[in-house]
Each structure stands twice: as structure tokens, then as C-alpha cells.
Amino acid sequence: MIRKMQLPLQTANLVVGFMVWVLISSLLPFITEDITIPAERLAIVTAIPVVLGSILRIPLGYYANIFGARIIFLVSFILLLFPVYYISETSSVAGLIIGGTFLGIGGAVFSVGVTSLPKYFPKEKHGLVNGIYGMGNVGTAISTFAAPVLATKFGWSTTVKFYLILLLVFAVLNFLFGDRKEAKVKTSLVEQIKGVYKNEKLWFFSLFYFITFGSFVAFTVFLPNFLVTYFGLEKVDAGMRTAGFIAVATFIRPVGGWLADKFQPLFLLMGVFAGFTFAAVILAFSPSIGLYTVGSMIIAICAGLGNGVIFKLVPMYFNKQAGTANGIVSMMGGLGGFFPPLLLATIHSMTGSYSIGFMAFSQVALASLIMVIWLYYMDRLSLQNEVFNSTAQGILVTDTTGQIKAVNPAFTRLTGFTEEEALGKNPNMLSSGRQSPDFYKDMWEMLGEEGRWQGQLWNKRKDGKEYLELLTIAAVKDGSGDTVRYVGTFNDITPRQEEGNRSE
């Protein structure tokens, strides 16, 4: 029963964590009525919780493997009580920055669930499971919608205190219903980082999540105040529109994970970044509220799909270092939400327009699309290379002049010649001299006519020992039908021949 409760419990934990994480940005229009915040510090106040919430994802993901999700969630909610109470009592910008920094713990708990929950489900469901857990992002929508409504009635300071009750309730729930028997992985953090940092896929996934989750966080933080100041909307109306953006991105996320379980994840990412590019171009032209809504909704859909897809990819490639890899990738996503609000605010203060910032975002998305395409084809080449190197058959590739261009490890095992000794040579280096010139003449005639030849012949190893091999040669042609290389595959069938001779 406890194991079955982990997905709903940890998803609810993430809802609460994200509600606390965006507490300041959700209430900023009300806070600014009591606390004067200079324009140049406004973006810092809203973005600062993102910093700690991003950086802490690495240790929290790691320690989720060491101590289990129950302990990490419980301790995190207890620690959050202090900055939440501090913010409710502050009357200065410095107080908001100090308290807001430690609100980052609420965003950092994301890496706990994506590390813990895959332990309870088979691999073919990891995309869907992490997608469902990622729906905890809706916590930002709940705060963005509900906090302004409560603040209108009770004031922003009292509204912040309501969060203390919520944190205490969930600390108790985790104490009672968290899984005390969760499987633990006790490897040092340094060893885990050494195991992943040289893998270029980690940094690709980090960049992609920097954009997908970063755009989600950035728009969540940026929209409430932007809609009020740029379009002149009421504060509650702006909060509801932002909540709509968050809800779309959140509920699309498990769809992205489910699709990634069914289809090639990198293909899906291509569509995601193509959508980002298109939507950012729309926003760059400073459209009316109608077109701005369309562009924002496209970004919400792409962010949700992308977030779901990426956390299908991470456990696929980093199963043994899931905690650390999840922490690093999710940290980069959180940092992706830190820079855009600052950049947009800076560009607006210099030019009076947000267009340049959105156009820059479109170019980053386009560059990411190109990287995904490159990664997809590199992945295919890597797969082909694995097959080439792991097959038990000897393989040699020659050009049309007969010069050897590639051999696999099985070639070396069967013939004794290393790759360095074979490259640039002719396959006749293996000739035993047993076959007549007519044998080779017939072989090449068949290759020319049919593009393929198969037969038995005696060859000689590097040590001079002869062996009987079953050889298949295929001609590889280009698009115009011209032969560009030959591929030979062979097996040593000497033992089979000797056994046949004995039976006779």
C-alpha cells in the first residue's frame, strides 16, 4: 500500500514545493503596494528563488538516493517554514531577497521525485511516470491564481502565513506515509559526477531542459507583472491568464512522457523546438493581446511536451547515476528560468521593447532544433558502430580499388591482424594460395552482375595457420547506382569442416 502511494504523494509534494517557490512572484503586485522596489531590482526579487532552487537540485537528487524521498521531502518542508514566515514579516527589499533565496528549496525538491519514482515502475513506463510527477508544476498555477485572490481579501502578509499550515500538513504526511523501505543507492557524489560529466548527452539534455523548463519558469515569473504593466490588465486577470499558461504546460507534460514511451524521443524534441522558434517569432513582433496569447500557449504546449520527453531520455542513458544526472539536468532547467526575466527587463530598459529578447529566444530555439537533429543522427551512427564492433562475424570494408578502409574487432580475433596492420592493405594479405585465379575471376564476375557473392575459401592468419572461412561480399552502391565500396563478412568454419571429415 505504501509503495502504491508514492506517485500521488510525491506528486502532491511537488505541487506544494512549487506553490512556495513562486510565492513572491505571485504576490508581487500586492507586495509592491507596501514595499517600494526599484525597477532595476524587480527582476532580481522575482528571479532569485530560482537560483537556489536550481543549484540545490544536484545534492537533493543525490541524497534522495542515499536517504530516500521520505526524508528529503520531510526535511525540505520543515526548512521552508523559516523563509516563509520571514517573508510574511518583512518590510524591505533586502528581506524579500533573503527570504526569497531560501524559497528555492521548494523548487529544488523536483529532483527528488524524478530520482525516486522510477524505482517503483518498469522502464517502459518511466516517461509517463515522470510526466505525471512533473504535473506537480501545477503548484505554480495554484499559487499564481489563488494567492492574489486570498491577498485581495486577507492581505499579502496573511496569505503568506497560510503557506505555513500547508507545509506543516505535508511534513506530517511524508512522516506517516513516506516509504521507509525505498531502495537506496550509496555511491559517493564525486564518483557519480565522474561517471556522467564526460558524457556529452548529459550536456545536450541540460541545454534542452534549460530551454524547455526554463521557458516555463520564466513565463511563470514574468507574465503576472508584464500583463499588468504592458497590457494594463487587472492583477487578478493577469494571475488567471498566467495560471492558464501554467496549467497547459503542466497537463501536457505527462502527454510528452507518454509519447516518449511510444515513439523516438528525439523526433518529438525536433517538433518541440520548431514550435518554440515559431512562437517566439510571433511574440517578437509585439502583437495584440490575442496574438500574444496564441504565442504564449504554443510555448506552454512545447514546454510541457519537452519537459516530459527529456525526463524519459535521462534515465534511458543514465540509469546508474540517475540521481546526479537528474539533479544536473533539472538544475540547468531552473537556471533557464533565471536569465530570461533579467534579460528581458534589461532589454526593455534600454530599448523600451521586448522584441529583441523574444527574437533572441527564437534563435536559441532554432539552434537547439539543429542540435537535436545532429544528436539524432549521431545516435544512429553510434548504434551502427556498436553493431559493427560487437558482432561475432569478421567484417572488412574496402574501396573499389580493394584497399581496406575498416575492420571490426572480430576481424582481429579471427585473423590475428590488428586494425593498424590491415588498414590500407589489400585483402589478398589473407590469401592462402589454395584458390586458383579462375576462382577469383568467377567471384568478381558474380559481384559485378548481382552485387553479391557467397562461398567458402581457404585463407591464412597472421601466424601462417590456414583456416576455412564462409565469406559473403556485398557491393555498396550510391544513389546513381555506382559501386562505392565492398563489405565482406566471414566466419571461421574450420571446426565444422574437420568434424565433417571425421564423420566420413
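This is a predicted model: local features need pLDDT of at least 70, side-chain atom pairs count only at pLDDT 80 or more; totals for chains, interfaces and linings use all residues.
A residue counts as buried when its relative accessible area is under 20%.

**The whole protein**

Begin with the entire chain in view. The secondary structure comprises 23 helices and five strands. The radius of gyration is 30 Å, well over the 23 Å that the globule rule gives for 504 residues, so the protein is more spread out than a compact globule. Along the principal axes, the C-alpha atoms fill a box of roughly 100 × 55 × 30 Å. Of the 504 residues, 50% are buried. Among contacts between residues at least 6 apart in sequence, 73% join residues at least 24 apart.

**Helix 10**

Next, select residues 138-154, which form helix 10. This helix has 17 residues and reaches 23 Å from its first C-alpha to its last, close to the 24 Å expected at 1.5 Å a residue. Centre the view on alanine 146, where helix 10 has a kink of about 25°. The kink lies shortly before proline 148.

Which residues of helix 10 are buried? They are Val138, Gly139, Thr140, Ala141, Ser143, Thr144, Ala147, Pro148 and Ala151. To see their surroundings, display helix 1 (2-21), helix 2 (23-34), helix 11 (156-177), helix 13 (200-231) and helix 14 (235-262), against which the buried residues of helix 10 pack. Then move just past the end of helix 10 to glycine 155, which takes a positive phi of about 95°.

**Aromatic rings**

Now show the side chains of the aromatic residues. The protein has 27 aromatic pairs, counted with ring centres within 6.5 Å. Select phenylalanine 110 and tyrosine 133: their ring centres are 5.9 Å apart and their planes stand at 35°, so the pair is tilted. This pair links distant parts of the chain, since phenylalanine 110 belongs to helix 8 (residues 110-116) and tyrosine 133 to helix 9 (residues 126-134), 23 residues apart. Phenylalanine 110 is buried, with a relative accessible area of 0%, and tyrosine 133 is likewise buried, with a value of 0%.

Continue to tyrosine 209 and phenylalanine 213, a stacked aromatic pair with 5.2 Å from centre to centre and 10° between the planes. These two residues are four apart in helix 13, so about one helical turn separates them. In general, an α-helix has 3.6 residues a turn, so residues three or four places apart point the same way. Both tyrosine 209 and phenylalanine 213 are buried.

Finally for this stop, select Phe18, Trp21, Phe110, Tyr133, Tyr209, Phe213 and Phe216 together; they form one aromatic cluster.

**Charges over rings**

Select phenylalanine 175 and arginine 180. Arginine 180 lies over the face of phenylalanine 175, at 5.6 Å from the ring centre. Then select tryptophan 458: the charged end of arginine 434 sits over its ring, 4.0 Å from the centre.

**Lysine 477**

The last stop is lysine 477, in strand 4 (residues 466-477). Is lysine 477 buried, partly exposed or exposed? Its relative accessibility is 46%, so it counts as partly exposed. Apart from its neighbours within four places in sequence, lysine 477 is in contact with Asp482, Thr483 and Val484.

Conventions. Residues are numbered from 1 along each chain as its sequence is written. Side-chain values use heavy atoms; hydrogens and water are left out. The expected span of a helix is 1.5 Å times one less than its number of residues. The bend at a residue is the angle between axes fitted to the seven residues ending there and the seven starting there. Buried means under 20% relative accessible area, exposed over 50%, partly exposed in between (1.4 Å probe, protein chains only). Contact means heavy atoms within 4.5 Å. Rings of Phe, Tyr and Trp (its six-membered ring) pair if their centres lie within 6.5 Å; planes under 30 degrees apart count as stacked, over 60 as edge-to-face and the rest as tilted. A charge sits over a ring if NZ of Lys or CZ of Arg is within 6 Å of the ring centre and within 35 degrees of the ring normal. The radius of gyration is taken over C-alpha atoms; the globule rule is 2.2 Å times the number of residues to the power 0.38.
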